[in-house]
Amino acid sequence: MARIDVLMPQMGESIAEGTVSKWLKKIGDQVKRDEPLFEISTDKVDAEIPAPAAGVLAEIKVQEGQTVPVQTLVAVIATPPAATAAPPAPPAPPAPRPEPPKPTPPSAVATAAPSAPARPGPTPAVSVPKGDGGAETAEDRLRKRSTPLVRKIAAEHHVDISTIPGTGFAGRVTKQDILGFLERGAVAPRLAGAAPVGPIEHPVVEAWPGDRVEPFSKIRKITADHMIMSRRVSAHVTSFFEVDYTQIAELRRRHKQAYAERGANLTYLAFIAKACAETLRQHPVVNAAVSGDTIIYRRDINVGIAVALEWGLIVPVIKHADELSLMGMARAINDLGERARAKKLSPEEIQRGTFTITNPGVFGSYAGAPIINQPQVAILGVGAIEKRPKVVTLPDGSDGLAVRTLGMVSMSYDHRVVDGADADRFLADVKAMLQGFPEGAV
């Protein structure tokens with residue numbers, strides 16, 4: 001029988017490793033080509049990985065919970081003799097495209113993208129001059145060429161990652177390495193002009209008799225670390241506005257069936273995302289990011305929509321959201337949400353967001369103060385939308401009570417760059433568009 005190697009795939013250019021979160025087949029099981037074989041978790045996305053060929057799962061090389069570099073051998077499929085004439089399994093995903101040229105000798109690049117042995121051998125210790133006159137080895141350069149997420153955490157905490165012991169391939173510093181370093185409060189040389197940073201506190205709590213203790217899943221660990229980091233990095237402030245959705249409720253009543261016939265669900269969220277996308281162009285500071293002591297005003301408007309899953313939270317991104325019609329927005333929200341729940345998103349579909357919307361109102365929440373999705377500077381929270389009494393002005397100028405469709409929106413923003421007036425002007429414009437949504441835009 002022929003052997004088909006199953007490798008840890010490269011799920012995006014910045015992904016250097018993956019964790020086998022669940023095997024969907026066991027040794028001895030028959031598998032079909034393109035049938036889901038195992039699930040992986042990375043810093044960017046969870047995904048089901050299909051079998052590259054039909055046959056029998058003969059070996060499992062990487063167990064559930066193990067994290068290995070991309071292109072590591074994770075399993076072997078044995079194929080029947082008749083299948084050996086069939087086309088070979090698809091080639092392993094290509095190595096990442098090289099980063100923009102840097103003043104680094106070509107020999108360094110060769111060590112940063114190994115070709116996929118199951119147990120990579122030692123990396124040649126090629127020495128080149130360093131800026132301080134010392135010798136920089138290939139291992140030094142590989143540690144510095146860690147994933148963008150690791151470099152981002154290092155920059156935010158003003159830590160030189162070349163001084164952190166790495167457990168990844170050839171000493172590469174992984175996300176777990178740098179987070180563990182910060183949690184332990186270890187001391188590393190800080191970058192020039194950097195302020196001191198303290199450790200992240202994770203107190204240990206005693207489990208009582210009868211309690212169930214289970215470790216974080218990969219996605220839960222990533223979410224927990226990201227939330228703590230965001231609270232430490234950004235100066236969070238939250239503003240709250242009430243929105244009258246009565247007009248939108250009527251538009252939905254009149255057009256929902258027509259949208260459904262064209263394969264789209266016309267939700268309140270589609271109107272809200274459309275209003276935010278159009279309004280962000282007039283408020284560039286809300287569509288920005290902080291990099292050191294500079295502000296990056298994003299050209300593109302890419303709106304992330306938080307999706308609650310049974311196993312965690314993920315934020316797929318609608319690219320160029322300001323260019324979409326209401327129909328296009330509704331379809332994009334429906335499509336990304338369905339594929340997020342089916343674990344069919346690609347890494348590119350959860351990257352490069354510039355503004356995020358989260359909708360806890362679907363669970364009945366009146367309002368909330370969401371945590372900013374770094375490195376963005378603002379996130380909108382949508383509260384429950386329901387009929388409530390409201391004081392209105394009658395034609396004769398007197399006041400009266402009316403039943404209106406109301407809901408709260410809240411926006412947490414980074415007060416380092418977004419002032420209260422900026423945030424409130426943005427929210428006021430979003431509110432005005434929602435309360436006067438034009439019939440012709442539906």
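In this predicted model, four strands form an open sheet in the order 1-8-6-3, with antiparallel pairing. Strand 1 (2-7) and strand 3 (30-31) are its edge strands, and each pairs on one side only. Strand 3 runs antiparallel to strand 6 (residues 55-60), and two bridges join them. Val-31 has Gly-55 of strand 6 as its bridge partner.

**The sheet 5-4-2-7**

A further open sheet of four strands has the order 5-4-2-7. Here too the pairing is antiparallel. Strands of a sheet pair through backbone hydrogen bonds, either parallel or antiparallel. Which strands stand at the edges of the sheet? They are strand 5 (46-50) and strand 7 (67-69). Each has a single partner strand, so one side of each is left without a neighbour in the sheet. From one strand to the next, the twist averages 40 degrees.

Strand 4 (residues 36-41) is joined to strand 2 (residues 17-23) by four bridges. Five bridges join strand 4 to strand 5. Both pairs run antiparallel. Is strand 4 mostly covered or mostly uncovered? Five of its six residues are buried, so the strand counts as mostly covered, where buried means under 20% relative accessible area.

Glu-39 links the two pairings. Glu-39 is the bridge partner of Lys-22, and the bridge partner of Glu-39 in strand 5 is Glu-48. Trp-23 is bridged to Phe-38 in strand 4.

| Residue | Bridge partner | Strand of the partner |
|---|---|---|
| Val-31 | Gly-55 | strand 6 |
| Lys-22 | Glu-39 | strand 4 |
| Trp-23 | Phe-38 | strand 4 |
| Glu-39 | Glu-48 | strand 5 |

**Helix 7 and helix 8**

Two packed helices are described by the angle between their axes and the distance between the axes. How do helix 7 (residues 268-280) and helix 8 (residues 326-341) cross, and at what angle? Their axes come within 9 Å and cross at roughly 115 degrees. The crossing is right-handed.

Which residues meet at this contact? Helix 7 brings Leu-269, Ala-270, Phe-271, Ala-273, Lys-274 and Ala-277. Helix 8 meets them with Leu-326, Met-329, Ala-330 and Ile-333. By class, the contact has nine nonpolar residues, one charged residue and no polar residues.

Terms used
Residues numbered from 1 in each chain as written. Predicted model: local features only at pLDDT ≥ 70, side-chain atom pairs only at ≥ 80, totals over all residues. Heavy atoms only, no water. Axes fitted to C-alpha atoms, helices over the stretch in contact; angles between N-to-C directions. Left-handed = near helix turned anticlockwise from the far one by under 90°. Contact = heavy atoms within 4.5 Å. Nonpolar A, V, L, I, M, F, W, Y, C, P; charged D, E, K, R; others polar. Pairing = 2+ DSSP bridges. Buried < 20%, exposed > 50% of the residue type's maximum accessible area, 1.4 Å probe, protein only.
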